[in-house]
Amino acid sequence: MANYQSQFSLTTFSSQGKLHQIEYALTAVEKGDTCLGIKAANGVVLATEKKLPSILVDETSFNKCAPVTDHIGVSYAGMNADFRILLQKARKYAINYKATYHDPIPASILCQEISTLVQEYTQSGGVRPFGVSLLMAGFDHEGPHLYQVDPSGSYFSWKAAAIGRNMVNASSFLEKRYSEESELEDAIHTALLTLKEGFEGEMNENNIEIATVGSDGVFRVLAPFEIRDYLSEVQ
């Protein structure tokens, strides 16, 4: 009976020492669109599938990559609504940091703040864990950064990472193809090839999204015509 109750209680450990609600949140992430990040020598690439719920949805109104500041951006796998809330929180943290210290927030500090918020939602009554994992890309005075934040509040720094539906195959592909010496252009090609491995149907500029942050410290989401040009190079 106690173990049954622990499946529905956020603050009660099961007899196996698990919080089942966090595992359910991770399941929501695993069912999300594949998303990956690759850290290059001179920047970071985020690439993700963008499967629309209906052909009637305007693809320009649905974004999987978004800027937090000029030099930091995020993408996700999981629940879109939860991502939107965390994105708003991240932007507020960045604004408050800039107002306090008169300096752009480092990617590592922002990642710690977001992961702390996410973790608080795993131990508080009346709330549920966020059903989303984030990949955060940034470039600051220490160079390029790629972080992953999970629903448990854990965060990791990666050279290359994949989350979402096809994360196992994507991670295996990245392990074989990743090179620390690769430039940003090479990382974009690797990201597209990785997505292509488990992609259902034909990739085009409307069903994938790519964003980069380079040594100029500017996070930008690639326009459809840019994605189309890169796709023509890898097909």
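Reader: Start with β5 and β6. How many bridges pair them, and in which sense?
Author: This is a predicted model. In it, strand β5 (residues 132-140) pairs with strand β6 (residues 143-149) over seven bridges, in the antiparallel sense.

Reader: What stands opposite leucine 134 in β6?
Author: Valine 149 in β6 stands opposite leucine 134.

Reader: And the sheet they sit in, what is the strand order?
Author: The order is β3-β4-β5-β6-β7, an open sheet of five strands with antiparallel pairing.

Reader: Which strands stand at the edges?
Author: β3 (65-67) and β7 (155-157). Each has a single partner strand, so one side of each is left without a neighbour in the sheet.

Reader: How much are neighbouring strands turned against each other there?
Author: By 20° on average, with direction ignored.

Reader: Which strands of that sheet does α3 touch?
Author: α3 packs on the sheet and touches β3, β4 (72-78) and β5. The direction of α3 makes about 160° with that of β4.

Reader: Stay with α3. At what angle does it pack with α4?
Author: Helix α3 (residues 80-101) and helix α4 (residues 107-120) pack at about 135°, and their axes are 10 Å apart. That angle makes α3 oblique to α4; the cut-off for roughly antiparallel is over 145 degrees.

Reader: Left-handed or right-handed crossing?
Author: Right-handed, as α3 passes α4.

Reader: Which residues meet there?
Author: From α3 there are Leu86, Lys89, Ala90, Tyr93 and Tyr97. In α4 they meet Ile109, Leu110, Glu113, Ile114, Leu117 and Val118. By class, the contact of α3 with α4 has nine nonpolar residues, two charged ones and no polar ones.

Reader: Other sheet now. What is its order, with β1 and β2 in it?
Author: β8-β1-β2-β9-β10, an open sheet of five strands with antiparallel pairing. The edges are β8 (160-163) and β10 (219-221). Each of these has a single partner strand, so one side of each is left without a neighbour in the sheet. Neighbouring strands of this sheet are turned by 15° against each other on average, ignoring direction.

Reader: How do β1 and β2 connect?
Author: A hairpin joins β1 to β2 through two residues. Strand β1 (residues 35-40) runs antiparallel to β2, with six bridges joining them. For one of the partners, cysteine 35 has threonine 48 of β2 as its bridge partner.

Reader: What pairs with β2 over seven bridges?
Author: Strand β9 (residues 208-214), in the antiparallel sense. Glycine 43 has glycine 214 in β9 as its bridge partner.

Reader: And how many bridges go from β9 to β10?
Author: Three, and the two strands run antiparallel. Alanine 211 stands opposite valine 221 in β10.

Reader: Is β2 mostly covered or open?
Author: Strand β2 (residues 43-49) is mostly covered, with seven of its seven residues buried. Both of its faces are covered. Gly43, Val45, Ala47 and Glu49 are buried on one side, and Val44, Leu46 and Thr48 on the other.

Key:
Residues numbered from 1 in each chain as written. Predicted model: local features only at pLDDT ≥ 70, side-chain atom pairs only at ≥ 80, totals over all residues. Heavy atoms only, no water. Axes fitted to C-alpha atoms, helices over the stretch in contact; angles between N-to-C directions. Helix = DSSP H or I, 4+ residues; strand = E, 2+ residues; numbered from the N terminus. Parallel < 35°, antiparallel > 145°, perpendicular 65-115°, else oblique. Left-handed = near helix turned anticlockwise from the far one by under 90°. Contact = heavy atoms within 4.5 Å. Nonpolar A, V, L, I, M, F, W, Y, C, P; charged D, E, K, R; others polar. Buried < 20%, exposed > 50% of the residue type's maximum accessible area, 1.4 Å probe, protein only. Pairing = 2+ DSSP bridges.
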